[in-house]
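We'll go from the whole chain to single residues, one selection at a time.

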Amino acid sequence: MVYENTQSLHGYGQQGAVAARDGMAVRAFRGLSGALAAGLAVLTIVVVVVSHYAPERGLAGPGSASVFWHVTGGVVAVAAQIVADRTRGLLAFLWSVIVITTVGVVLFAQWWS
């Protein structure tokens, strides 16, 4: 059976080749990790802005160690999410686990401990 208007698996223009799609569980897990990575990126921006403006207002803001760990965690989480979005199957799942673990470690170490 030949399908028209389908993407080829390798971009070579093979007529009728349909790109493989991940299962619902992997896509949902990748979506969850994407939301967490985006949330950590926003939180990192907030921490950096607060650390910049807090001393000017006489407030105790986050220290440089907290800023460092938020920035490092944010970069790792977003980079791992980009890789997770570009891979399929078990590799996408494992990269999503790295994102969720990174977010969990940053939140636990910087906010809950």
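What pattern does the chain follow, read along the sequence? It goes α-α-α, with 3 helices and 0 strands. Here helices (H or I, at least four residues) and strands (E, at least two) are DSSP runs, numbered from the N terminus.

Before you click further, some ground rules. This is a predicted model, where local features need pLDDT of at least 70 and side-chain atom pairs count only at pLDDT 80 or more, while totals for chains, interfaces and linings use all residues. Residues are numbered from 1 along each chain as its sequence is written, and side-chain values use heavy atoms, with hydrogens and water left out.

**Whole chain.** Color by accessibility: of the 113 residues, 25% count as buried. Buried means under 20% relative accessible area, exposed over 50%, and partly exposed in between (1.4 Å probe, protein chains only). The chain exposes about 7,700 Å², and carbon and sulfur atoms supply 68% of that; the areas come from the Shrake-Rupley method with a 1.4 Å probe, and for residues only the protein chains shown count as cover.

**Select 64-86.** That's helix α2, 23 residues reaching 33 Å from first C-alpha to last, close to the 33 Å expected at 1.5 Å a residue. The expected span is 1.5 Å times one less than the number of residues. Now show its buried side: S66, V67, H70, G73, G74, A77, A80, Q81 and A84. These residues pack against α1 (24-53) and α3 (89-112).

**Select T44.** You're in helix α1 now. At 10% relative accessibility, T44 counts as buried. Its side chain reaches the backbone oxygen of L40 at 2.7 Å; a polar contact like this is a pair of N or O atoms within 3.5 Å, where, within protein, one must be able to donate a hydrogen and the other to accept it, and residues adjacent in sequence count only if both atoms are side-chain atoms. Leaving aside neighbours within four places in sequence, T44 is in contact (heavy atoms within 4.5 Å) with H70, V71 and G74.

**Select R30.** What is the relative accessible area of R30? The value is 11%, so R30 is buried. Show D22 as well: R30 forms a salt bridge with D22, the closest N and O atoms being 2.7 Å apart. A salt bridge is a side-chain nitrogen of Lys or Arg within 4 Å of a carboxyl oxygen of Asp or Glu. D85 lies in helix α2 and R30 in helix α1, so the pair ties together parts that are 55 residues apart in sequence. Together, D22, R30 and D85 are linked in a network of salt bridges.

**Select 89-112.** The 24 residues of α3 should span 34 Å, and the end C-alpha atoms are 33 Å apart, which agrees. Buried here are A92, S96, V99, T102, V103 and V106, and their cover includes α1 and α2.

Show V76, L90, L91, F93, L94, W95 and I98, which make a nonpolar surface patch of about 610 Å². Patches are made of residues with over 30% relative accessible area and no salt bridge: like charges are joined within 9 Å, nonpolar side chains (Val, Leu, Ile, Met, Phe, Trp, Tyr) within 5 Å. Helix α3 gives the largest share, 6 residues. Click L90 to finish: L90 is exposed, with a relative accessible area of 61%.
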